[in-house]
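Student: I have a model open and would like to work through how its parts pack. Can we go through it by question and answer?

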Amino acid sequence: MDYFIQQLINGLSLGAIYGLIAIGYTMVYGIIGMINFAHGEIYMIGAFVALITFLAIGALGVTWVPLALLIMLVASMLFTSVYGWTVERIAYRPLRSSPRLAPLISAIGMSIFLQNYIQILQGARSKPLQPILPGNLTLMDGAVSVSYVRLATIIITLVLMVGFTILINRTSLGRAQRACEQDKKMAGLLGVNVDRVISLTFVMGAALAAVAGMMVLLIYGVIDFYIGFLAGVKSFTAAVLGGVGSLPGAMLGGVVIGLIEAFWSGYVGSEWKDVATFSILVLVLIFRPTGLLGRPEIEKV
Amino acid sequence: MSAVMPHTTMNDKPLLSVEHLTMRFGGLVANNDVSFEARAGEITALIGPNGAGKTTLFNCVTGFYTPTVGRLTLRHPAGKEFLLERMPGYRIAQLAGVARTFQNIRLFSGMSVLENLIVAQHNKLMRASGFAIGGLLGLPGFRKAEHEAVELAKYWLDRVRLTEFADWEAGNLPYGAQRRLEIARAMCTEPVLLCLDEPAAGLNPRESGELAEILTFIRDVQTPQGHRTGVLLIEHDMSVVMRISDHVVVLDYGRKISDGDPEHVKNDPAVIRAYLGEDEDEALPPEVAADLNLAPTTNQKGA
Amino acid sequence: MTTHSNTVSSAGSIKARGVDWAATIKDAGLAAFVALLLTVPLVGLRTVDRPTGLGIEARPEEVVASILLVFLGRLGLGLIRQGMAMPVLILALICAGVGLVLPMPTQVLRLVLVLGGGVIALRAAMTVATGRSKLSQADRDRRMDRIAAKVQHASKYIGPVAVAFAVVLPFTPLADRMILDIGILLLTYIMLGWGLNIVVGLAGLLDLGYVAFYAVGAYSYALLAHYFGLSFWVCLPLAGLLAACSGVLLGFPVLRLRGDYFAIVTLGFGEIIRIILVNWYQFTGGPNGISGIPRPSFFGIADFSRTPAEGMAAFHELFGLEFSPLHRIVFLYYLILALALVVNLFTLRVRKLPLGRAWEALREDDIACASLGINRTNMKLAAFAIAAMFGGFAGSFFATRQGFISPESFTFIESAIILAIVVLGGMGSQIGVVVATLLVIGLPEAFRELADYRMLAFGAGMVVIMLWRPRGLLAHRDPTILLHGGKPPAATGAAK
C-alpha cells in the first residue's frame with residue numbers, strides 16, 4: 001500500500017512537471033497552430049538557469065533555503081522567458097505566413113541549436129547537485145513518506161495553475177489571447193496587438209517550462225543538456241492526450257502520463273517506460289485525435 | 001406548368017434518389033428527413049438560405065459525411081445501383097461515378113492545369129500502368145492509356161476554354177478560370193452525376209453566363225457511354241438557377257420546403273416566406289424580383 | 001524601376017531626412033538589453049566540475065562581447081536601412097580587419113569582431129550593390145525561384161555530368177581513402193534524402209522517424225547475417241522488404257492523421273524502435289550493438305580480403321590485380337552510388353506515373369483527391385512503404401560498410417538531418433537533395449576540427465535557411481507532362 005502511494009506521489013509530481021511543459025505546447029499550438037519543437041529545450045534552459053542561479057547565490061552567501069528557492073524560481077522564470085521570447089521573435093515570427101512545414105523545420109533547427117549551445121557553454125557532462133530540500137514528510141505512522149520536494153512540486157504547480165487560469169479567464173490579456181486563438185485576423189481588426197499576444201504566449205509558456213525545469217533539478221538533483229528532448233516529446237504527448245488547445249487538458253494529460261510512467265516504472269520496470277509513453281501517444285492519436293478534453297473536429301469540406 | 005416534374009419522360013427511374021435523409025452533428029440537425037430525386041440529363045438545383053443544410057446534403061451524397069438516417073440510391077443507366085451511404089468517400093467517386101466541385105475551390109494549385117485533369121483519371125491510369133509496376137518498366141499499355149487521358153483532358157479543356165493555359169500552374173489561373181477548371185476536372189472522372197457546390201460564387205455576370213453554357217452543355221451532351229449526365233447544383237445566384245435548372249429543390253432549416261420546376265418554386269409561398277421572413281409576403285426586394293422575373297424567358301431558351 | 005528611383009531619391013534626401021539616431025540607438029539598446037538577459041546566466045556563468053562538487057565561474061568578458069556584438073550589429077542594420085550603407089560597410093570591414101590583425105585579450109572577442117563585422121559588411125555590401133535596403137520576402141522568393149528554375153532546367157546537363165564525375169572519381173588521382181569515405185558518406189545521405197523525398201517532397205507527409213527504417217534495414221542485415229549466416233546479397237532485398245513491411249505496419253494506423261500529428265507520431269515510432277533496440281539486448285545486443293557484421297562480397301563471386309574463405313575466390317586474383325584494401329572501399333562506393341541512382345531513377349519515373357501524380361495531388365489537396373476517387377490511404381501507404389524500403393536498403397548498406405552498428409546511429413537527430421536535407425534542398429527537388437547534402441554533411445565534414453560547433457552551426461543553419469527561403473533552396477516544380485511543349489498551342493479538335 002505504501003509503495004502504491006509512493007508511486008502515486010511520484011507520478012503526480014512527475015505529471016505536474018509534464019503538465020507545466022505541456023501548457024506551453026498547447027498554448028502555442030492553439031494560437032499559431034505549430035508544434036514548438038524547441039519548447040523542450042526551453043525547459044532544459046530553465047533547469048540550467050535554476051542550477052546556475054543556485055550556485056551563484058550560494059557563492060554570494062545566501063544560505064537560507066526558502067529565499068534561495070524563491071530567487072531560483074524568479075530568476076529561472078525571468079531569464080527563460082527571455083529565451084522563449086527570443087526564439088519566437090527570431091525563428092518563428094518571420095515564418096508566420098510561410099508553408100506549413102517551414103516553422104516546424106525552423107523549430108527543429110532551433111532545438112538542435114539550443115541543445116548544442118548549452119552543451120558548448122556548460123559542458124556535456126551531467127550536472128549533479130546535492131539535495132537542496134532534503135527530508136521526508138511521514139504520514140500514517142511512518143507507513144508512507146513523501147519527500148518535501150515532491151510535495152512542494154505538486155503544491156507550487158497547483159498554485160501556478162490557479163493563477164494561470166485566472167490570468168487566462170479574467171484578465172484582458174487572457175481575453176486577447178483567447179480571441180487570437182479563435183481568429184487572429186479578426187482579433188487584429190478589433191485592435192488586439194496580435195504580435196504582442198503571441199510573444200506573451202511564448203513568454204508564459206517558457207516561464208512555466210522554467211518552473212518545470214527547476215522542479216526536475218530539485219527532485220532528481222541531476223540535469224544535462226539532453227533532458228529537453230525526451231521531456232519535450234512526453235509533454236507534447238501530454239498536450240495531445242489532454243486535447244491540444246485545452247489548458248486543463250494539458251495538465252490532465254501531464255498527470256496521466258506521469259502516473260503511467262511512475263506506475264510502469266514501479267511495477268513493470270523502468271527500461272520500457274518510454275515505449276509505454278510513446279505507445280500512448282500513438283494510440284491516442286489514432287483512436288481519439290482530439291484528446292480527452294478537446295473538441296471534436298469535423299473535416300471541413 | 002404543373003408542380004410535378006416536367007421531364008418524367010426521359011427515364012423511368014431517377015438517377016439519384018435521396019430518401020428520408022437526416023444528418024445530425026451532436027445536437028445540431030443539419031438535414032431533417034429530406035427526400036428528393038435527380039435525373040440524368042437534367043439540372044437539379046438545390047437552393048435555400050444560408051445554413052439551410054445544402055452543403056451538408058452535398059457532403060452526404062458525395063461521401064464526405066455518412067448520413068445519420070436515410071438512404072441514397074444512385075442508379076446507373078446500365079442498371080447498376082449503388083447505396084451511397086454505405087460506401088467510403090473515394091469509392092463513390094470511383095465506382096458510383098459521382099464527381100463534385102467545392103465551394104472554396106480545391107485545385108491542385110501547384111500542379112499544371114493538364115496535370116489536374118490527368119490526376120482526375122487516376123484510377124483508369126493506375127490500372128493501365130499495372131499499379132505503377134508496368135509503368136516503371138515502360139510497358140506500352142500505359143503510354144496508350146495516357147495518350148487517351150490527354151485526349152479526354154484536351155476535350156474538356158477546349159470545352160471550358162482553357163486549352164491555351166494547359167501548361168500553367170493551376171494556382172496562377174484567374175479565379176473564374178479556376179472555377180471552370182474544377183468543373184473540367186470533375187468531368188474528367190467521367191461521372192454520371194456531377195455535383196457543383198456554388199460554381200457561380202465570385203463570378204462576374206459574363207463568367208456566370210459562360211458557366212451556364214458549360215452546365216447546359218454537360219446536361220445535354222451524350223457521353224461516349226451513351227447516357228446523359230445528371231447535374232446537382234447548389235447555387236445562390238438566382239439568375240443562374242432560374243435560367244438553367246430543370247428542377248429546383250428548396251431547403252430551409254434542414255427541411256425540404258418546396259420541390260418542382262423553377263416556375264412552381266418561385267411562386268411557392270413557402271419559398272417566399274423562407275427567403276423574406278414570416279411576416280412580409282408583399283414585395284420582393286427589387287434585385288430578387290428582377291432575378292425571378294428574368295427566369296421564364298431564359299428558361300425556355302435553355303430548355 | 002520604381003525601386004531604383006526610390007533609392008536615388010532617398011540617397012539624395014539623406015541629408016534632408018537624416019538618420020533618426022534616437023530611435024535607432026534605442027532599438028539597438030533594446031536588442032542589447034535582451035542580449036544581456038540572454039547571456040548573463042548561461043554565457044556569463046559557467047558550471048565547472050570541482051573536486052568538492054559543482055562550482056561556478058564568471059565570464060563577464062564574453063557577456064560584454066556578445067552585448068557589444070548585438071548592439072553594433074543592430075545599429076549597423078538600422079543604419080543600413082536608413083541609407084547609410086556605405087559608412088557602415090567601411091566600419092564593419094575595419095572591425096573585421098582589426099579583429100583579424102590586432103592581438104585580442106580573448107579568442108571570443110576576436111571571433112565576435114570578425115564574424116559580426118563580416119556579416120554586417122556583407123549585408124551593407126549587398127545594399128550598396130543592389131541599391132535597396134531590404135528585399136521583400138516576395139522579391140527574394142521570386143529571385144530564388146528563377147535561379148531554382150534555371151538549375152532545374154540545367155539539371156538535364158548537370159545530372160549526367162555529376163553522375164559521370166561520381167563514376168570516374170575512384171580512378172582519378174584524387175581518390176584516396178579519405179575522399180572515398182567522404183564520398184560514401186555523402187552518397188548514403190543523398191540516397192536517404194532521395195528516399196525521404198518520396199514521402200515528404202512528393203506525398204507531403206512529414207515523417208520525423210525515417211531513421212527507424214534505416215535502423216530496420218541495418219539490423220535486418222546484421223541479425224540475419226549473425227543468426228543465419230546469410231550473405232549481404234541475400235539480405236539486401238530482405239532488408240528492404242522488412243523495412244517496407246514495417247513501413248506499412250507503422251503507416252497503416254497513422255496515415256489519416258493530419259500533418260503535425262502525423263509528424264509527432266512518426267517521431268514516436270522512431271524512438272520506440274530505438275528503445276526496443278536498446279532494451280532487447282538478448283536479441284539485438286542492446287546499447288553495445290552488433291559487431292563483426294560481414295563485409296559484402298563481389299556479387300557472391302569473389303571476396304575482397306587478401307586470403308578469402310574457402311570456396312570463394314579473391315577479388316584481386318580474379319581480376320589479376322595487386323591486392324589493395326582500397327578495392328573494397330571502391331566497391332562499396334560504387335554500390336552506394338548504384339543504390340542511390342536507383343532511388344533517383346525511381347523518383348524521376350514515378351513522377352510521370354499515376355502513382356507519383358497522385359502523391360503530388362495528395363500533397364496539394366487530399367480532400368480533392370478523395371473527391372476524384374483516389375484511395376488516399378493506399379497511396380500514402382505506398383509512398384511510406386517505398387520510402388521505407390529505400391531506407392532499408394541504405395540501412396543494410398550502412399551495416400555492411402561499418403561492420404558494426406548500435407542504436408546510437410539511429411537517434412532522432414539522424415532523422416532531423418535527413419529531413420533537413422530534403423527540406424533545405426527544396427521539397428521534391430532531386431538536385432536540391434544533392435546540394436543540401438553537400439552543405440549539411442559535406443561542409444561539416446570539411447571542417448572536422450570545429451567538431452564541437454558542428455551541430456550548433458547545423459541547427460542555426462536550418463533556422464537561417466528557413467528564414468531566408470522557407471520553401472527550400474531549389475524548390476521548383478516543372479509539370480510532368482506538357483500539352484504545348486514549348487510550341488504554340490496546338491489546334492484542339494474535339495476528341496469525341
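Tutor: What follows covers a domain contact and a helix pair in this predicted model.

Student: Which element gives the largest share of the side of domain 1 of chain B that touches domain 2?

Tutor: The contact takes 11 residues from domain 1 and 11 residues from domain 2 of chain B. On the domain 1 side, helix 2 (89–96), strand 7 (193–197) and helix 8 (205–220) each supply at least two residues. The largest share is four residues, and they come from helix 8 of chain B.

Student: How many residues on that side of domain 1 of chain B are nonpolar?

Tutor: Sort the side of domain 1 that touches domain 2 by class. One residue is charged and two are polar. The nonpolar count is eight.

Student: Are helix 4 of chain A and helix 18 of chain C parallel or oblique to each other?

Tutor: Take helix 4 (residues 101–122) of chain A and helix 18 (residues 412–425) of chain C. Their axes come within 11 Å and cross at roughly 135°. The crossing is left-handed. At that angle, the two helices are therefore oblique.

Student: What class are the residues where helix 4 of chain A meets helix 18 of chain C?

Tutor: Helix 4 of chain A brings Leu101(A), Ile105(A), Ile108(A) and Ile112(A). Helix 18 of chain C brings Ala416(C), Ala420(C) and Val423(C). The contact has no polar and no charged residues; seven are nonpolar.

Technical notes. Residues numbered from 1 in each chain as written. Chains lettered and ligands numbered in written order. Predicted model: local features only at pLDDT ≥ 70, side-chain atom pairs only at ≥ 80, totals over all residues. Contact = placed C-beta atoms within 7 Å. Nonpolar A, V, L, I, M, F, W, Y, C, P; charged D, E, K, R; others polar. Axes fitted to C-alpha atoms, helices over the stretch in contact; angles between N-to-C directions. Parallel < 35°, antiparallel > 145°, perpendicular 65-115°, else oblique. Left-handed = near helix turned anticlockwise from the far one by under 90°.
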